[in-house]
Amino acid sequence: MSNTDDYSKNELMKFIDMKPLDIEICDVTLRDGEQTPGVAFTRDEKIDLAMELDAIGVEVIEAGFPVVSSSEKEIVKEISNLGLDSNICCLARSVISDVDAAIDCDVDIVSIFIAMSDLHLKFKYHKSCADVFSCAMNSIEHAKDHGLKVRFAAEDGTRTDVETLKKAFIAAEDYKVDYVSIADTIGILSPATTHYLVSEIDKVVNTPICIHCHDDLGMATANTLVAAEAGAKQLHTTVNGIGERAGNASLEELLVALRVQHGIERYDTTKLTGISNKLQEYSGLPIAVNKSVVGKHAFTHESGIHVMAILEEPRTYELFSPEMVGGKRNLIVGKHTGKKALKGIVKNLGYSLDHDELCDLILKVKNCTEVKKGLSRERLETLIKTVQSHQE
Ligand SMILES: CC(=O)SCCNC(=O)CCNC(=O)[C@H](O)C(C)(C)COP(=O)(O)OP(=O)(O)OC[C@H]1O[C@@H](n2cnc3c(N)ncnc32)[C@H](O)[C@@H]1OP(=O)(O)O
Ligand SMILES: O=C(O)CCC(=O)C(=O)O
């Protein structure tokens, strides 16, 4: 675990009137994450990711959608029986046979979903809202009769009439559902509308609320955090934010945001870079260098003014330390390097240059990085030796 000096807390939070968050994470990498076009994890990869998520301290792992295939069903069952601390969940349509598959898998929680938006009723189910709702309630009743915890998930919930959504969740409470889920299936929410919707649902239900955000507008993590601030309990994430289309709220971003904004330190964030690397390998999907938290550039610095300050105190230009997320700092030399930064970097490499040598070196660095991208450590060392021999 990292220590608490590893990051700057957002001190502005003290001006915001808010109760401490009561949240849990449900990571859906193995289900919605695997719905990323072209992605299919092997059994070993799924088990490894489940164990990593458990080690991070994620409370719920959505292990899959058993009716997708017989091997999917076997893997969900195997994950359920690994003896992890995390509760294991799986997805089911509002269909009795899907719930039976979940029961066979020994999961703790089944997420039974149905869409009640006009678009989905008209163009997907060709049924009335009352009809699909009754399928959902039958399935919920069946799951509860078999001792499962149930999440009732409103697919396309953010394009569903708010009064319909409220009524459905209130009615579901009569069936003793354990969670109600607002799914932003097509990623239409903004922080303001997330706050509104979660608050409205929170006014009428006593059941814990889940939020499942997609990233079509690049706001999935922000919306998930706002949902928690508005009263949502279960926050859905995926590693590296993978998932349908633009993906889901990212686990690494959310866990670090919960720490920086709300002081929630119980998750082992030091494992985030490791799980991100594994996910890239298993999914075949490399992340962008500037990806928050786990991207190659998350702790890479070139600008002279930044590097000179970082050499003295990294928190000047880093919100949190690389160690906190299992990453590494990288100070590079390039077009934007200044003398103070260069002096520090050269010293870190074990060389000592006098003032003239340093001035000579900075000129050479600027000359050869004007149109090139950065300078390798080997090339820098060659230049250092050149300026040293010139001075001799
Ligand atoms: C927002 C989400 O992420 S939803 C989850 C999306 N994930 C997936 O689709 C996982 C991959 N899917 C699959 O492997 C397959 O589509 C399966 C196994 C789920 C179903 O396969 P099939 O039996 O061949 O059905 P098919 O895909 O053709 O059609 C889906 C059927 O499920 C119905 N359905 C869809 N969602 C629901 C629901 N929540 N509750 C009840 N029925 C539903 C559809 O209306 C359709 O019914 P129909 O056959 O009567 O028209
Ligand atoms: O709300 C949920 O638990 C899942 C729904 C989902 O995957 C979606 O609508 O994108």
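Author: Let us begin with the contacts of one residue. Two residues are in contact if their C-beta atoms, placed from the backbone, lie within 7 Å. Leaving aside residues up to four places away in sequence, Cys-90 touches Glu-62, Ala-63, Gly-64, Phe-65, Pro-66, Val-76, Ala-102, Cys-105, Val-107 and Val-110. This is a predicted model, in which local features need pLDDT of at least 70 and side-chain atom pairs count only at pLDDT 80 or more, while totals for chains, interfaces and linings use all residues. Residues are numbered from 1 along each chain as its sequence is written, and chains are lettered from A and ligands numbered from 1 in the order in which they are written.

Reader: Which residues have the most contacts inside the largest nonpolar core?

Author: In soluble globular proteins, nonpolar side chains tend to be buried together. A nonpolar core is a set of buried Ala, Val, Leu, Ile, Met, Phe, Trp, Tyr and Cys residues joined through C-beta atoms within 7 Å. A residue is buried if 20 or more other C-beta atoms lie within 10 Å of its own, exposed if 12 or fewer, and partly exposed in between. Here the largest core has 95 residues, and Cys-89, Cys-90, Ala-102, Val-107, Val-110 and Ile-112 have the most contacts inside it. This core lies between domain 1 (19-283) and domain 2 (296-391), because both give residues to it. A second, separate core of 15 residues includes Val-307, Ile-310, Ile-332 and Leu-375.

Reader: How far apart are the C-alpha centres of the two domains?

Author: Domain bounds come from an automatic or database domain assignment. The C-alpha centres of domain 1 and domain 2 lie 44 Å apart. Their contact takes nine residues from domain 1 and seven residues from domain 2. On the side of domain 1 that touches domain 2, α9 and α10 are the elements that give two or more residues.

Reader: Is Met-51 buried or partly exposed?

Author: Met-51, found in helix α1, is partly exposed, because 16 other C-beta atoms lie within 10 Å. Met-51 and Gly-83 are 32 residues apart in sequence, yet 9.9 Å apart in space, C-alpha to C-alpha.

Reader: Which residues are around ligand 2?

Author: A residue is near a molecule if its C-beta atom, placed from the backbone, lies within 6 Å of it. Around ligand 2 are Asp-32, Ser-111, Phe-113, Arg-151, Ala-153, Glu-155, Ser-181, Ala-183, Thr-185, Cys-210 and His-212. The elements that give two or more residues to this shell are β4 (109-115), β5 (149-155), β6 (179-184) and β7 (209-213). Of these, β5 gives the most, with three residues.

Reader: How many helices and strands has the protein chain?

Author: The protein chain has 14 helices and 10 strands. Buried residues make up 45% of its 392 residues.

Conventions. Helices (H or I, at least four residues) and strands (E, at least two) are DSSP runs, numbered from the N terminus.
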